[in-house]
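I set out to record aromatic contacts, charges over rings and strand pairing. My entries follow.

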Amino acid sequence: MHATPRNSKVTSPGPLSGIRVLDLSSYIAAPYGCTLLADQGAEVIKIEPPQGDNLRKYPSTLQAEGRAFLGINRGKIGMVLNLKQPQGLEVLLRLVRAADVLVHNFRPGVPERLGIDHEALKQHNPRLIYCTVSGYGETGPLKDKAGYDQVLQAMTGVCAMQGTAQDPKIVYGSVVDYYAAALLAGTVSSALFQRERTGRGQYVGISLLRSALAMQSARFVWADNEPRQMYRDMRSGGITGLYPTRQGILYISANTPHFWAALCELVGLPRLKTDPRYETVRLRAEHADELVPQLREALAARSALEWETLFGDRVPCARVLEIEDMFDHSQVLTESMVHTFEHPTAGHYRGLSSAFKFGDAAPSLPRPAPTFGQHSDEVLAAAGYGADEIATLRAAGAVC
């Protein structure tokens, strides 16, 4: 796939086919939100500064390219622009005039200094959906502060929930970032839908703070006169959790009457399912100290794999596996979630094919994350720049 002029856009299967996204962001939340747009068929041009996306420099056992960068930026075209150079800014403005969406996660004040704030860019393209990802939002005492996933975890109670306020635990895997990415993809899609009705673009704001609180909506409720420690409501049914087995660890979730009865029967504790003391989720939570030791003793009789097989679809459960196990997992492969990419420097690697499936369109072949500045010339040529003009831009340090 190559970048093409506005009147001849690249199209690929998916509801956002024909939509062009300029991704000026870095790290995880905003870039992966743009990847989710690419998964839906949008053409995403990742525009990096001369120093590159910092995610390229994160620790990785891969030598040629950072693993995180490859995973976060699949499906994109890549170019490098120096927006501090007048010629680089002019290139961006030309691209903006032919774009549908622009996404960035610059700190407050930076877009204004660069001349790419919403007010400035909508003068060039009033149909533009202008999306920003910030740490704390557009207003308030923290609006100028840098925000990162685990910083927001600590602030919003996620760490205290995983452990306690005195012994907090980080949830690794950038869960706040990825939830923000999902919000970005959904909100930008909604803004594009509204644009079809009104003909006008608009500002879209995503923040890690809103993301961290939104993903805790079941806990973020405090009634009048209620004491602190609302986390107690989300400790499920007392028996839900991780259990050691003869070999391996098993997670069990059996909160409904049907699943609870099946669990008791299959582990050899049928008396528990008819005991009125354990009739409901709330009662089982209240008697967890009595139930959990019995379940642990019963589950020690078999391996996690044996229990997983025995439970089948009667009891929701899963063995504790590692991410590497997913590359060859039968369910993952049947769902065609793994694709083999061919990368110019990293070579062949397997990764996620797409986060979506659309029934009325055959999936397109996903493309690997771009190398640094891989498609700069293609994007410039598609925007109408001639070979001599591109050479001049390079000589001036406006593009790489």
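**Aromatic rings**

I found Tyr 27, Tyr 58 and Tyr 148 linked into a cluster by ring pairs; rings of Phe, Tyr and Trp (its six-membered ring) pair if their centres lie within 6.5 Å, and planes under 30 degrees apart count as stacked, over 60 as edge-to-face and the rest as tilted. The model is predicted: local features need pLDDT of at least 70, side-chain atom pairs count only at pLDDT 80 or more, and totals for chains, interfaces and linings use all residues. Residues are numbered from 1 along each chain as its sequence is written, and side-chain values use heavy atoms, with hydrogens and water left out.

I noted seven aromatic pairs by this rule. Phe 356 and Phe 358 form a stacked pair, with 6.1 Å centre to centre and 25° between the planes. I then looked up accessibility: Phe 356 is partly exposed at 34%, and Phe 358 is partly exposed at 29% (relative accessible area; buried is under 20%, exposed over 50%, partly exposed in between; 1.4 Å probe, protein chains only).

**Charges over rings**

I located Arg 94 over the face of Tyr 385, at 3.8 Å from the ring centre. Arg 302 lies over the face of Trp 307, at 5.3 Å from the ring centre. The criterion is NZ of Lys or CZ of Arg within 6 Å of the ring centre and within 35 degrees of the ring normal.

**Strands**

I traced an open sheet of three strands in the order β7-β8-β9, with antiparallel pairing. Strands are DSSP runs (E, at least two residues), numbered from the N terminus, and two of them pair if DSSP finds at least two bridges between them. β7 (241–244) and β9 (317–319) stand at the edges, each with a single partner strand, so one side of each lacks a neighbour in the sheet. Four bridges join β7 to β8 (residues 249–252); Pro 244 has Ile 249 in β8 as its bridge partner.
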